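Hi,

Here is the structure I promised to pass on to you. Have a look at it first, and then read my notes below.

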Amino acid sequence: MGKPTRASFGEALVELGEKNKKIVALDADLSRSVKTAAFAEKFPERFFEIGIAESNMVGVAAGLALSGFIPFCASFAAFVAGRFETIRMSVAYCQANVKIVGTHCGLGIGEDGNSQMGLEDLSIMRSLPGMVVIQPVDHVETKQAVAFAVQHQGPVYLRLTRQDVEDVNPRDYSFQFGKGVVLKKGKDIVLFATGALVYHTLEAALSLEKEGINAEVINIHTLKPIDNDLVIQKAKEFKRIMTLEDHNIIGGLGSAVAEVLSENEPVKIKRIGVMDVFGESGSPDELYQKYGFDKEGIMKSIKAFMKS
Amino acid sequence: MLDFSFLKLILFTYTFNFGVPLMDKTIKESIKELAKKMRIKIIKMLYTAGSGHPGGSLSCVEILAYLFSQKIKRTRENAFDEDRHRFVLSKGHGVPAVYALFSEIGILKEEELYQLRKVGSPLQGHPDRVKFPYIEVSTGSLGQGLSVAIGMAMGAKLKNADYTIYCLCSDGELQQGQMWEALMAGPKFNLDNLIVFLDYNKIQLDGWVDRIMPVEPVKDKIASFNWELYEIDGHDLEQIDKVFSKMKRNNGKPKFIICHTIKGKGISFMENDVEWHGVAPKKEDAQKALEELEES
């Protein structure tokens with residue numbers, strides 16, 4: 001049984017905070033949602049409640065980073081990435097060692113609806129020079145991605161889910177920064193997926209075996225820098241490439257893959273994502289069904305692409 | 001109605017002359033000389049660069065000259081010490097004043113100043129801590145520096161370090177929402193190691209602040225946010241000095257000093273003139289300005 005990646009982040013932060021006294025956490029009145037509450041309880045002197053003021057939270061985090069600390073400032077992806085100008089200047093341009101954590105990403109948050117859904121965060125965070133962008137897929141990967149963020153010198157954006165995600169990696173998994181992970185080998189089509197959609201993509205690929213379609217599934221956890229070599233190598237092996245993400249179709253994984261391939265190995269790409277529309281309320285399952293992000297929806301998209 | 005205002009005057013005279021020691025004359029003269037040299041370099045730099053912000057660079061010269069010579073005591077050697085005092089120029093467009101100061105204290109060579117705003121120069125049009133590490137924080141997008149300074153003050157507390165964080169803001173910055181988020185946070189975290197200067201020159205790019213978007217009553221606003229508040233003439237070195245003798249370090253309160261200043265201070269035709277916010281002097285004006293400064 002899986003759990004939300006925000007919960008894995010919260011656990012990791014406490015464990016890492018135990019060992020590394022430079023880790024501090026900042027909150028904008030959402031610590032129980034973004035799961036920094038446990039860190040706050042354990043290390044109250046290293047937890048700063050900034051109130052509902054994300055711009056100031058980001059700026060204060062930059063000041064702490066420039067003083068030698070490793071600040072994690074967490075909020076919903078929509079709210080924290082929305083403070084783009086402060087992130088651009090006080091974090092990225094300053095090369096401040098700030099770890100920005102955006103939870104509640106994508107349609108997968110469900111009932112709260114569009115205002116709380118981070119659907120554009122990958123796009124804007126990817127556009128900042130020096131910003132590392134990571135979307136871990138499951139519990140084990142999230143914990144290691146947080147550990148990576150701590151030891152990486154420079155700004156990092158971590159994108160996490162509100163909803164449970166099933167485990168796709170083995171227990172002895174080892175996170176390799178910037179490297180895509182082949183989860184299932186195939187020969188007919190390669191599917192690059194990220195975040196919550198990886199599991200559904202894997203399910204779809206396994207079901208399609210019975211229908212004679214042999215799809216390869218690759219988890220892209222690091223969106224910036226993207227795994228250029230792997231993407232190019234797979235484009236050479238496969239005639240068809242599909243990308244899948246719970247994010248606006250503009251600026252996320254699909255764009256990153258297209259950027260690499262259009263300049264290096266032009267090949268037909270089908271991008272699956274939120275088709276440049278705002279989100280809406282509904283249960284996560286219903287929304288994934290409506291927007292074609294569940295197993296059936298993905299199978300349908302793959303079959304249509306295979307025929308094209 | 002009896003008028004007791006004469007009592008205030010007596011009290012003021014008493015405090016001024018006896019309550020607090022007057023600033024040493026030699027020190028005062030040396031800071032005045034430093035300020036004059038900074039103004040000359042600001043004009044020369046902006047003339048050479050062909051663009052930049054004279055008005056707001058000239059209005060903060062005394063504050064910077066006093067701070068760096070008397071309090072921060074920055075040198076090339078101590079610039080990266082762990083326990084150095086930190087200075088954040090939130091009003092990044094005033095950075096020519098900082099560059100001029102740095103050349104006076106041996107951090108920059110004079111010829112390096114004239115690379116301001118040129119391709120490949122560490123002296124960017126607005127401060128860049130990566131290209132020029134003697135700058136603590138990259139600024140220029142207004143309203144952000146105070147938040148970073150607050151983070152630095154929190155960091156110092158967390159480290160049990162006793163250095164001070166100084167932050168210089170502009171009046172126009174008070175129109176930014178993030179400033180008020182930061183002003184709320186300073187007192188919450190008991191940052192008595194943070195001293196904020198407001199370069200209140202009353203003019204912003206498009207015109208007079210009170211017409212663009214009034215920030216008054218500044219004093220009441222900041223005081224009601226629970227800052228330890230002072231109000232002085234930002235060009236009067238004795239008043240700046242006196243404020244420091246009044247401030248208490250360990251009382252849990254961040255300090256905010258409203259410095260009334262004159263935009264374009266020191267050059268008669270630039271003073272209080274909106275046109276000199278963001279336009280560099282051409283040859284003739286630069287010459288006139290330099291002559292006036294030399295004679296002062």
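So, what volume does the largest pocket have? It comes to about 320 Å³, and keep in mind that this is a predicted model. The pocket is lined by 15 residues, and the closest to its centre are B:Lys32, B:Ala35, B:Lys36, B:Arg39 and B:Glu62. Helix H2 of chain B (residues 25–49) gives the most to this lining, with seven residues. If you sort the lining by type, you get nine charged residues, three polar and three nonpolar.

Now for the backbone. Most peptide bonds are trans, and most residues other than glycine have a negative phi. Here are some exceptions to look up.

In chain A, the bond joining A:Lys224 and A:Pro225 is cis, with omega at about -5°. You'll find A:Pro225 in the loop between strand E12 (222–224) and helix H10 (228–237) of that chain. Chain B has a cis bond from B:Glu216 to B:Pro217, with omega near -5°. There, B:Pro217 sits in the loop between helix H9 (209–212) and helix H10 (218–224).

As for positive phi values, B:Arg117 has one near 65°. Look for B:Arg117 in the loop between helix H6 (110–113) and helix H7 (145–158) of chain B. B:Arg117 is partly exposed, with a relative accessible area of 31%. Phi of B:Asn190 is also positive, near 55°, and B:Asn190 is in the loop between helix H8 (177–188) and strand E3 (194–200) of chain B. With 44% relative accessibility, B:Asn190 counts as partly exposed too.

Cheers

Conventions. Residues are numbered from 1 along each chain as its sequence is written. Chains are lettered from A and ligands numbered from 1 in the order in which they are written. This is a predicted model: local features need pLDDT of at least 70, side-chain atom pairs count only at pLDDT 80 or more; totals for chains, interfaces and linings use all residues. Side-chain values use heavy atoms; hydrogens and water are left out. On a 1 Å grid over the protein atoms alone, a cavity is a set of points where a 1.4 Å probe fits but cannot get out, and a pocket is an open set with protein on both sides within 12 Å along at least five of seven lines; lining residues have an atom within 4 Å of a point. Grid points are joined across faces, edges and corners, and a volume is the space filled by probe spheres set on the points. Helices (H or I, at least four residues) and strands (E, at least two) are DSSP runs, numbered from the N terminus. Ala, Val, Leu, Ile, Met, Phe, Trp, Tyr, Cys and Pro count as nonpolar, Asp, Glu, Lys and Arg as charged, and the others, Gly among them, as polar. Buried means under 20% relative accessible area, exposed over 50%, partly exposed in between (1.4 Å probe, protein chains only).
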